[in-house]
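Let's take a walk through this structure together. The headings below take its topics one at a time.

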Amino acid sequence: MKLVFATNNLNKLKEVQLLVPEHITLLSLKDIGCTEDIPETANTLEGNAQLKANYITKKYNLPCFADDTGLLVNVLNGEPGVYSARYAGEQKSSEDNMNLLLEKLKNKTDRSAHFKTVIALNINNTQTLFQGIAKGEITKTKEGLEGFGYDPIFKPEGYNKTFAELSIKTKNLISHRGKAMIQLMEHLNILFH
Ligand code: IMP
């Protein structure tokens with residue numbers, strides 16, 4: 001079965017690829033020839049995941065799923081949340097985003113935060129949403145070279161390392177995206193068995 005993952009983020013693709021069984025061939029936006037920057041204009045993670053998945057369904061009529069992820073920091077009332085990608089500006093730079101967040105948390109003792117991923121799956125004319133949450137805290141400095149985005153400053157609960165210091169396999173076991181993907185896979189198993 002071919003399933004489109006509506007992303008061109010190679011890091012996300014790598015993570016998700018490891019979670020998908022062999023009988024599912026994952027296609028990226030590039031694989032289906034979609035070069036447009038799909039608008040993410042909703043003000044919720046759910047809305048953006050739905051926008052992206054619906055765009056692909058309408059234009060390509062292929063089974064697909066899209067994810068949207070936000071980092072929510074408690075002491076900042078859930079910032080940067082749905083605006084995580086462009087927190088420090090339209091250049092969407094992870095370095096700038098992390099620097100801004102570290103600056104805002106400079107004198108804060110409560111550094112608790114969580115990642116939230118919402119996935120919208122469009123298959124057989126039906127849309128299903130899945131959600132995954134990873135709790136943790138924002139570190140004071142950037143640590144680690146793996147992963148992407150805010151990974152170097154996020155230490156998941158129960159670990160003394162940031163996501164960027166963990167292997168993809170370990171991150172997948174505990175991450176927001178990993179948890180949402182497991183539910184998606186269970187859903188597909190029920191649909192096709
Ligand atoms: P989006 O889901 O691609 O829109 O991601 C929103 C923002 O969160 C971007 O700045 C990403 O780099 C960041 N992000 C998404 N997923 C992760 C993750 O698993 N770890 C760290 N940062 C992430």
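## Aromatic pairs

A search of the whole structure, which is a predicted model, turns up 4 aromatic pairs. In one of them, the ring centres of Phe5 and Phe65 are 4.6 Å apart and the planes meet at 15 degrees, so this pair counts as stacked. The partners come from distant parts of the chain: Phe5 sits in strand 1 (residues 2-5) and Phe65 in strand 3, 60 residues apart. Phe5 is buried, at 0% relative accessibility, and Phe65 is buried with a relative accessible area of 0%.

Phe115 and Phe163 make another stacked pair, with 6.0 Å from centre to centre and 25 degrees between the planes. Phe115 belongs to strand 5, while Phe163 lies in the loop between strand 7 (154-156) and helix 4 (168-174), so the pair ties together parts 48 residues apart in sequence. Relative accessibility is 5% for Phe115, which therefore counts as buried; Phe163, at 1%, counts as buried too. Ring pairs also bring in Phe154, giving a cluster of Phe115, Phe154 and Phe163.

## Nonpolar cores

Now for the cores. The largest nonpolar core has 18 residues, and those that touch the most other members are Leu71, Val73, Leu101, Ile138 and Tyr150. At least two residues of this core come from each of strand 3 (64-73), helix 3 (94-104), strand 5 (112-123) and strand 6 (126-138). Helix 3 provides the largest share, 3 residues.

What does Leu71 contact, leaving aside its neighbours within four places in sequence? Its partners include Leu101, Ile138 and Tyr150, along with Phe115 and Phe154. Among the others are Gly78, Pro80, Ser84 and His114. A second, separate core has 17 residues, including Val20, Phe65, Phe130 and Ala180. Phe65, then, is a member of this second core as well as the stacking partner of Phe5.

## Around the ligand

Which of the 14 residues around the ligand come nearest? They are Lys12, Asp151, Lys171, His176 and Arg177. Two of these have side chains worth a look: an N or O atom in the side chain of Lys12 is 2.7 Å from an oxygen atom of the ligand, and an N or O atom in the side chain of Arg177 is 2.7 Å from a ligand nitrogen atom. Thr69 takes part through its backbone, with a polar atom there 2.9 Å from an oxygen atom of the ligand.

On its own, the ligand has 480 Å² of accessible area, and the protein covers 91% of it.

Notes: Residues numbered from 1 in each chain as written. Predicted model: local features only at pLDDT ≥ 70, side-chain atom pairs only at ≥ 80, totals over all residues. Heavy atoms only, no water. Core = buried A, V, L, I, M, F, W, Y, C linked by side-chain atoms within 4.5 Å. Buried < 20%, exposed > 50% of the residue type's maximum accessible area, 1.4 Å probe, protein only. Helix = DSSP H or I, 4+ residues; strand = E, 2+ residues; numbered from the N terminus. Contact = heavy atoms within 4.5 Å. Near = heavy atom within 4 Å. Polar contact = N/O pair within 3.5 Å; in protein donor to acceptor, adjacent residues only side chain to side chain. Areas by Shrake-Rupley, 256 points an atom, 1.4 Å probe, with all protein chains shown as cover. Phe/Tyr/Trp six-rings, centres within 6.5 Å; stacked < 30°, edge-to-face > 60°.
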